[in-house]
Amino acid sequence: MLYELHELQRAFLTPLAAFTDVGSQLFSNPYSPWAYTPMARSLAAGCELMHRIGKEYEKPAWGLPTTEVDGRKVQVVEKIAVDKPFCRLIHFERQGLSKRGDPQVLLVAPLSGHHATLLRDTVRALLPNHDVYVTDWMDARMVPLSEGPFHLNDYVRYVQDFLRFLGADTHVISVCQPTVPVLAAISLMASNDDPCQPRSMVMMGGPIDPRESPTQVNRLATTKPYSWFENQLIHRVPARYPGSGRLVYPGFLQHAGFVAMNPDRHLKSHYDFYLDLVRGDDSDAEAHRRFYDEYNAVLDMAAEFYLDTIKMVFQEYRLPMGTWEVDGQHVKPGDIRKVALMTIEGELDDISGQGQTRAALDLCSGIPASRKTHYTAQRCGHYGIFSGRRWRELVCPKITAFIRQHA
C-alpha cells in the first residue's frame with residue numbers, strides 16, 4: 001500500500017515540478033522579458049529549487065564519451081558484454097586500443113540503492129590505464145516477476161559468471177557492498193580450483209566484518225529484528241512497472257534513509273544552492289545539480305537480496321564466522337592462494353568503519369603476506385575513496401600500481 005501512496009504522491013508532484021521548471025525558465029532565460037524584472041533571480045531560484053525537489057530522477061547516463069591515453073584523446077564506446085535479468089556487464093571499450101595490453105578490470109558496483117553510475121568518477125580515473133568492465137545492476141521494479149527471485153547467493157553466482165566470461169587475466173575491484181559477495185565468489189572458485197580465478201582483487205570500504213568499528217548503518221541492522229525489516233521495508237511493485245507484483249525494498253524508502261543520516265547537511269546544501277542561483281554562481285550551482293542528479297536517482301532492490309544481506313552479512317556475520325554456504329558449499333576465504341589482495345579503507349568512513357574491510361587480510365590466510373597489502377586513505381570519507389580529488393590523486397594510483405605488480 002505504501003508504494004501505491006508514493007505513486008499517488010508522484011502523480012500530484014509531477015505537474016508541480018513541470019510548472020516550476022517553466023517558471024524557472026520564465027524568470028532566467030535571457031530571451032524572456034520577465035528575466036529583467038525585480039526579484040527575477042530570486043523567483044527563478046525558488047522555482048528551480050522546487051522543481052528539483054519535486055521532480056522524478058531517472059538513472060543518469062555514464063557520460064564518458066572519451067578518455068585520455070598517453071596525452072591523446074581516445075573515443076570510448078559503452079557495449080553490453082553480458083546481459084542477465086538482474087545485471088548487465090558493461091564494457092567501456094577504448095577505440096583503437098585493443099592491442100595495447102592494459103590490465104583487464106572487472107569493477108563490481110554496489111547494489112545498495114544507487115545506480116552503478118555512482119562509480120562514474122571511478123571508471124573515469126581507471127580508463128586511461130585499464131580495460132574496464134562494470135556491473136550495471138538493474139532496477140528490480142523493471143525485472144518481470146517471471147525472471148524469478150534474486151538472492152545474495154545469486155549475486156555471488158553472477159560475479160562468478162562474469163569472471164568466467166572475462167577469463168583468468170582479470171583484476172577485480174569491488175566497492176562497498178559487493179566486497180562480501182565478491183570475496184565469497186572468489187573463495188568458492190578457489191575451493192574448486194577454477195581456472196578463471198582473477199589475478200588480483202581490490203576490496204574498498206566494504207563490510208567484510210561489520211563487528212569491527214560498528215557504524216550507524218551497522219547498528220541499525222543489529223538493533224532491529226529481521227522481522228522488522230521484512231514487515232516494514234518490503235513492498236510490492238505497482239502495476240505500471242514491468243516488475244509488477246515483485247517484492248522489493250523500494251528506492252524511495254532507501255533515499256529517505258540516506259537523507260535521514262545527514263538531514264542538516266542536505267538542508268544546508270539546498271539552501272546554498274538557492275543562494276548560488278540568486279548570486280549567479282553557475283559553477284557551484286552546476287556542481288550541486290550533478291551531485292543530486294546522481295544522489296536522488298535510486299533503484300528498487302529485490303526483497304530476497306536485501307533481506308539476505310541484512311541477515312547473513314550484518315546480523316549473523318556468516319562470512320567472518322565461516323558459516324556461509326552457497327548451494328551447499330562452504331565459503332572458505334582461506335582457500336584462496338593464487339589471487340593477490342589489496343584492502344582499502346577511508347580514515348573518516350562513517351558507513352564501513354575502520355577494520356571492516358581490512359578483515360579480509362586475515363580471512364584470506366592462504367595468500368602469502370607478500371601478495372597482501374592494505375591502504376588507509378587519510379582524510380577520506382566513504383565516497384572519497386572512490387570519487388573526487390583524493391580518489392584520483394591518492395587511491396587510484398595505488399590501485400594501478402598494485403594491479404600492474406600482479407598482472
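Which residues form a nonpolar patch on the surface? In this predicted model, the patch is made of M1, L2, L5, L8 and F12. Together they have about 560 Å² of accessible area. One of them, L5, sits in helix α1, which covers residues 2-26.

Strand β1 spans residues 66-69, and its side chains alternate. T67 and V69 point to one face and are buried. The partner of β1 is strand β2, residues 72-84. The two strands pair in the antiparallel sense, over four bridges. Two residues lie between the strands of the hairpin. There, D70 takes a positive phi near 55 degrees.

Three strands build it, in the order β8-β9-β10, and their pairing is antiparallel. β8 (235-236) and β10 (301-302) stand at the edges. Each has a single partner strand, so one side of each is left without a neighbour in the sheet. Strands of a sheet pair through backbone hydrogen bonds, in either a parallel or an antiparallel sense.

How many bridges join β9 and β10? Strand β9, residues 247-249, pairs with β10 over two bridges, in the antiparallel sense. Across this pair, Y249 stands opposite M301 in β10.

How values were computed:
Residues are numbered from 1 along each chain as its sequence is written. This is a predicted model: local features need pLDDT of at least 70, side-chain atom pairs count only at pLDDT 80 or more; totals for chains, interfaces and linings use all residues. Side-chain values use heavy atoms; hydrogens and water are left out. Patches are made of residues with over 30% relative accessible area and no salt bridge: like charges are joined within 9 Å, nonpolar side chains (Val, Leu, Ile, Met, Phe, Trp, Tyr) within 5 Å. Accessible areas come from the Shrake-Rupley method with a 1.4 Å probe; for residues, only the protein chains shown count as cover. A salt bridge is a side-chain nitrogen of Lys or Arg within 4 Å of a carboxyl oxygen of Asp or Glu. Buried means under 20% relative accessible area, exposed over 50%, partly exposed in between (1.4 Å probe, protein chains only). Two strands pair if DSSP finds at least two bridges between them.
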